[in-house]
Every structure is written in structure tokens, then in C-alpha cells.
Amino acid sequence: MATPSLLLLLADGRFPAGAHAHSGGLEAAVAAGRVTDLTSLEAFLAGRLATAGLVGAAFAAAAHRAALAETAVRSGSLARLDAELDARTAAPALRAVSRRQGRALLRAGRAIWPDAPFTDLPATPGGAHQPLVLGLLCAAAGLSRVETATIAAYGTVTGAASAGVRLLGLDPYRVQTLLVGLADACDGTAADAARAADDPPERLPAAAAPLADIHAEIHATWEVRLFAS
């Protein structure tokens, strides 16, 4: 059984998986004038939680479920999950970011839990999507499916919130107040995602944010930027 400390460790932005280098699309939204203050940041975070947060948490929870299956079943399930998440990620830039973050998380996971079934991840170009790696890593750590989904959902808002402090010069205490206000929504999203993980991959949540896709493609063309995405 995992200890509470492991949950905190894996949810920590300082875990060596490169999450601190990404703004979750906020940098482009700020440049476009769509996020300018605390009120618009709160709306951005809520929207991100309801879309990318729900989808990522559901796929992480489904990968956690697959990790507990027999090897032959696990390998096939992870391949289906990777393909379905790819289909739900419309922007090529975001697909590349997800796989890049997956590779970074995988390096950390292999160093800490070398016996985890990471070899069952699909051998796709660029590596597996980050939520799938997270699901296997959390299963290896002994975390539950709900805890796995919570880490995934939590990560989609905390990274962007931290970026908001840097990009807009916002008061960090007030930004943390926004995150406290989103805590119940984050827990609810995680619970929904964990329940959805019982469904086949093609029926997992597919909430989309077309404007975020557009922003990601624009951001990828910038020669100078503070964040990788």
C-alpha cells in the first residue's frame, strides 16, 4: 500500500518530469489577450480542468487499470489507449508535448520503479502519451485509481496557475486562493475520470478545447518563448 507521501511526491511539480517547463497553453492565451488577470485566469483553469484535465485523468486511470491486468491484456489495452488519446488530441503540437512529457516521466519512473511494466507501453514514434506513463507509474507506486486520476487532474491546473504568476506578475497568494477554490472541482473531475476508466478506450471522455488547440499550434511557431508549451 502506498503512503500519503508518495501521492504528494508524484503530484509535486518538482518531480523530475519537466512539468515546470510547460504552461498548459497559458502563455499563448496571455499573448492573445484572453487571460489578463485573476478572473480570466480562474476561467482558464476551470476550462482546462473540464477538458484536458478530465481526458488526461481518465486515460491515466485507465492505464492504471491496465497495469493490474495480465501482460498480454495489458499490452493490448495500452496500445488502444495510446491510439484513442492520440485521436482526442487534435493539435499536432499538443500530441508532441504529451509524448515528450511521457518520455520525461518514463525516465523518472524507470529510475525509481525499475520493475514496473513500462516495456508494455506501445512503441509509438515519440514515445507513449504522458497519462499512460503516469497510470503505470502510479500503479507501481501502489496508488489507487482515484489517486492516479487526482494527480493527473491536479497537474493540469497547478502548472498553468504557476505560469500565471510568472507571465502576468500575479500575487501568488491570490493564485493559490484560486486553486483552493477549484479543489472540489478537481476532486470531482478525478472521481468522474476514475469511474470512466471502466469503459472501453473508445468510450473514454473526449472533451475538447478547440481554442487551446489553435493556441498550441501558434505557440509552437514562436522563436522566443518562456515555456515549452
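At a relative accessibility of 43%, Gly-13 counts as partly exposed, a class that lies between buried (under 20% relative accessible area) and exposed (over 50%), as found with a 1.4 Å probe and protein chains only. Gly-13 is found in the loop that runs between helix H1 (4-11) and helix H2 (26-31), where helices are DSSP runs of H or I with at least four residues, strands are runs of E with at least two, and both are numbered from the N terminus. Between the C-alpha atoms of Gly-13 and Ala-228, which are 215 residues apart in sequence, the separation in space is 15 Å.

The structure is a predicted model, in which local features need pLDDT of at least 70 and side-chain atom pairs count only at pLDDT 80 or more, whereas totals for chains, interfaces and linings use all residues. Residues are numbered from 1 along each chain as its sequence is written, and side-chain values use heavy atoms, with hydrogens and water left out.

The protein contains 10 helices and 0 strands. For its 229 residues, a compact globule would have a radius of gyration near 17 Å, and the value of 17 Å for the protein agrees with this; the radius is taken over C-alpha atoms, and the globule rule is 2.2 Å times the number of residues to the power 0.38. Along the principal axes, the C-alpha atoms fill a box of roughly 50 × 35 × 30 Å. Of the 229 residues, 46% count as buried. Where contacts (heavy atoms within 4.5 Å) join residues at least 6 apart in sequence, 81% of them link residues at least 24 apart.

The buried residues of H5 include Val-97, Arg-99, Gln-101, Leu-105 and Leu-106. In helix H6 (residues 130-140), 9 of the 11 residues are buried, so this helix is largely enclosed by the rest of the structure. The buried residues of H6 include Pro-131, Leu-132, Val-133 and Cys-138. After H6 comes Gly-142, whose phi is positive, near 85°.

Ala-79 has a relative accessibility of 36% and counts as partly exposed, while Leu-182, with a relative accessible area of 10%, is buried. When residues up to four places away in sequence are not counted, Leu-182 touches Leu-45, Ala-46 and Leu-49. From Leu-182 to Leu-168, 14 residues apart in sequence, the distance is 20 Å, C-alpha to C-alpha. The C-alpha atoms of Ala-79 and Pro-210 are separated by 25 Å, and these two residues are 131 residues apart along the chain.
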